[in-house]
Amino acid sequence: MSFVILQPCCNEASCVDVCPVDCIHPTPDEPEFMRTEMLHIDPQSCIDCGACVEACPVDAIKSEDDLDEQEEPYLDLNKDYFDQHPMESSGLDAPKPLWRKADYSGMRVAIVGSGPAAYYAASELIGLKGVQVNMFERLLTPYGLVRFGVAPDHPSTKGVTDVFRTVERRRNFELHLGVEVGVDITHDELAASHHAVIYAVGASSARRLGVPGEDLPGSHAATEFVGWYNGHPDHAAREFDLSGRRAVVVGNGNVALDVARILLADPDELDRTDIADHALDALRTSDIEEVVVLGRRGVAQAGYTNPEMMALRHLPGVDFLIDLDEVAIDPVTAELLDSPTVDSSLTTKVRVARDVADQAPNGARKRLVLRYLTSPTEIVGTDRVEAVKVVRNRLEPGPDGSVIATPTDETETIDASLVLRAVGYRGVEVPGVPFDESRGTVPNIGGRVTEAGGTEPIAGLYTTGWAKRGPSGVIGTNKKCAIDTVDCLLQDYSGGGLGEPAMREDEFAALLDEKAPDHVDGTGWSAIDAAEKAAGKARKRPRVKFVSLEDMRVVVRGD
């Protein structure tokens, strides 16, 4: 018997550290780690000790004997990885580098942002002797996309916040909420009061389609819809017309599948989650019966991960449909699948889609339809969205083994009243901090920030997470990313590359009180957190989120 890693896997890799036989891969030291969809347990090497179960922050690991029917495909998903990647030593026993053993007494580091990348960076720093970490977040609640991006019906994934709470309890960590760098305080003020500043500000805006009609009423960025149903204060007041029968989601990454699933989910099931009340009320009266998800390239190049796709196969009351023609094996895909180096996740992606296509419709009232090789060319409507014009694509081999989707002459019009554009996130510039406009990231070399287009690091300025590498990977991917950035910072400090702050700690505290007098500390966040959980307990939900900043401040003040 062995243990099996399941859909909620966040790649955080705590399980890797506790495995006594090194049977969980890829490890953070392996090149596949930053690209893999999830971690995997080798069934041939697992000794059934269960250490990984206790270490997993999101309850993603089960004994194979305890798997239900929906979870059994993960047996093959774990096994297939090791068929392609035979186990080798991970090098986890390598000694820590010298800069990890140094005394950092008096060093102050500011972290801007409070998502996973920010907390993983803080976790690496607070364990070192003498380091003081100050975290700054413009909202009154921390955790970034874990709170505002993870779908409410994926509660296990949000369990990673338990790891972050251990950081908050450390005496050398301070949380400053309601402080927007570039507005309340400047980057220069932050840099003048700390030895180093790490920007972990994520990617909060949405990429555009660039087609006519994109700004018609009824056409929205999926990021807005996700923020709306997750109770993000910036999006809580938005309205989405759910009175039509069909919605079209453009893009087929995990965000696209999330919004499609929420649109079709049973509201009574969602009522057991932490979905925002205003969204739950709207979904109860929704007339949406069909969601069509459009992917520009073929099934092998789909942006979603296999666990997210597999979860769609068991939506109650929903017909999940893929036309067999949509997943036909074209020459380009056939060549990919025949390659001896093809990744097991790709072959699984094709197999799962073809399995869905082979299934007969179950006659449910609601339908989820996945379309591949289909791109929008125009969003049509007079005063609001009425339809989406699309073109059929064909795949052609591109340079360096890439695959290009080329439009054909085959076109179609899909009637729809709602369009959600899920074609990727994009970073937003922080005043006073370099920004790469073309990539939507903070320009950097390995986490050391440079001027846009430059190669010379700016002393004391660092970045991690999506701001560093773009919107890629899952929650746990940010841990390895943060470790790499922190190592750069520690090397620079140990080598004398970071000067002493011009401003004393007490001087900065006074400045912060003056410029952001209503900022909230960790104690205030604990009060907000407790109030949300108490409201949720009364309704048998994990929590009932505040969406009003003033309501949160009332709780903090104890009014």
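**Strands and loops**

Author: In this predicted model, Arg448 stands opposite Tyr462, a residue of strand β22.

Reader: Which strand is joined to β22 by two bridges?

Author: Strand β22 covers residues 457–463. Its antiparallel partner covers residues 448–450, and two bridges join the pair. That partner is β21.

Reader: Which strands stand at the edges of the open sheet?

Author: Seven strands form this open sheet with mixed pairing, in the order β7-β6-β5-β8-β22-β21-β20. An edge strand has a single partner, so one of its sides is left without a neighbour in the sheet. This applies to residues 173–177 and to residues 444–445, which are strands β7 and β20.

Reader: Which residue is joined to Pro26 by a cis peptide bond?

Author: Pro26 belongs to the loop between β2 (24–25) and β3 (40–41). The omega of the bond is about 0°, and the residue joined to Pro26 there is His25.

Reader: Is Asn11 buried or exposed?

Author: Asn11 lies in the loop between β1 (3–5) and α1 (14–18). Although Asn11 is not a glycine, its phi is positive, about 65°. Buried means under 20% relative accessible area. Asn11 has 0% relative accessibility and therefore counts as buried.

Reader: What is the phi of Leu373?

Author: Leu373 is found in the loop between β14 (366–371) and β15 (374–380). At 10% relative accessibility, this residue counts as buried. Leu373 is not a glycine, yet its phi is positive, at about 55°.

Technical notes:
Residues numbered from 1 in each chain as written. Predicted model: local features only at pLDDT ≥ 70, side-chain atom pairs only at ≥ 80, totals over all residues. Heavy atoms only, no water. Pairing = 2+ DSSP bridges. Helix = DSSP H or I, 4+ residues; strand = E, 2+ residues; numbered from the N terminus. Buried < 20%, exposed > 50% of the residue type's maximum accessible area, 1.4 Å probe, protein only.
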